[in-house]
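We will go from stop to stop, selecting a few residues each time.

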Amino acid sequence: MSIIYIVVPCYNEEQVLPETSSVLKKKLRTLIADNKISDKSRIVFVNDGSGDSTWSLIEQLASEDNIFQGIKLSRNKGHQNALLAGLMTVKDHCDAAISMDADLQDDINAIDEMIEKFEGGCDIVYGVRSERKTDTFFKKSTAQAYYKLLALMGVDIVYNHADYRLMSRRALGDLEQFREVNLFLRGIVPMIGYKTDTVYYERHERFAGESKYPLKKMLAFAMEGITSFSVKPIRFITSAGFILFVLSILMLIYFLVRHFTGHTVAGWTSLAFSVWAIGGLQLLAIGIVGEYIGKIYMETKARPKYIIEKYLHNDDK
């Protein structure tokens, strides 16, 4: 039987952690009792520098039942880094790891099918939302636009998939080879390859607490995904610059013809529009190029993506 680890990043999750731990424990115990997974399977909570009592709750859970383990990062490093820290810590102790959020929005019953597909030979199994009933119209429409934009930019990403997935030990070992500091796991994981499959589920309402991805963070995450996996924005600048150059030549010819035929017009409106349009395009171009340069700057520093302060596991007892 396979050893399955469930990795759950946590940031200020004191409101949901008691319920989440109870639900996940029940699910894992049931799978063990049904001989679907090994009794060495574990639930690992990764504390991403929480400012509340999240770590205290994790310590309590780990001390009361060895099915729970805890990883404490030295400071807040963000969801993607916390998730990677958990996966890399457990990869040598399990046959496969399932990552999910702590808010219980991901349907834990999909775990059964993920394990079945893993036993059937899949190295990666994606949890994909079948519908978006719980989303507002704004969130639903922007999410759809985001996935379409990523596809347009050439980013290989699974539609309606977040970070609810199963990865085999082999896939986790290959994930470790991706060294970039600017993490976007939804784009990196499909690049690993191997046999993959999907499990569809309905996403629930958040059990308690507030979303850790407000609009500002969602926009930043979207920009991270686009600029980490595609150079098309820079190519767009090149294309726009070429088009504007051609248009400027045509406009020059037009104004010369107007001048020599005696139809010279002041044209303040067209002049003002041109100045603002070209100025705006230049600032946009500088901003996009700066985004890429900033990423190069961060990558060349090669700073650690996370630092583990403490790891609570069975050996601690």
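This is a predicted model: local features need pLDDT of at least 70, side-chain atom pairs count only at pLDDT 80 or more; totals for chains, interfaces and linings use all residues.

**Stop 1**

Is Asp-112 buried or exposed? Buried means under 20% relative accessible area, and Asp-112 has 19%, so it counts as buried.

**Stop 2: Glu-59 and Lys-310**

Next, select Glu-59 and Lys-310. They form a salt bridge, and their closest N and O atoms are 3.8 Å apart. How many residues apart are the two? The answer is 251 residues, with Glu-59 in helix H2 (residues 54–64) and Lys-310 in strand E8 (residues 308–312). Check the surface here. Glu-59 is partly exposed at 31% relative accessibility. Lys-310 is partly exposed too, at 39%.

**Stop 3: Arg-186 and Asp-163**

Move on to Arg-186 and Asp-163. Their side chains meet in a salt bridge of 3.6 Å, N to O. Arg-186 lies in helix H7 (residues 185–192) and Asp-163 in strand E6 (residues 161–168), so the pair ties together parts that are 23 residues apart in sequence. Both Arg-186 and Asp-163 are buried.

**Stop 4: a network**

Select three residues at once: Lys-25, Arg-29 and Asp-65. Salt bridges link them in a network. How many salt bridges does the model have by this rule? The count comes to 13.

**Stop 5: helix H3**

Finish with residues 79–90, which make up helix H3. First, try its length. At 1.5 Å a residue, the 12 residues should span 16 Å.

Now show the rest of the structure around H3. How many of the 12 residues of H3 are buried? The answer is 12 of the 12, so H3 is largely enclosed by the rest of the structure. Click along the helix to see them, including His-79, Gln-80 and Asn-81. Further on, the buried residues include Leu-83, Leu-84, Met-88 and Val-90.

One more thing to look for as you turn the view: an α-helix has 3.6 residues a turn, so residues three or four places apart point the same way.

Note on methods: Residues are numbered from 1 along each chain as its sequence is written. Side-chain values use heavy atoms; hydrogens and water are left out. Helices (H or I, at least four residues) and strands (E, at least two) are DSSP runs, numbered from the N terminus. The expected span of a helix is 1.5 Å times one less than its number of residues. Buried means under 20% relative accessible area, exposed over 50%, partly exposed in between (1.4 Å probe, protein chains only). A salt bridge is a side-chain nitrogen of Lys or Arg within 4 Å of a carboxyl oxygen of Asp or Glu.
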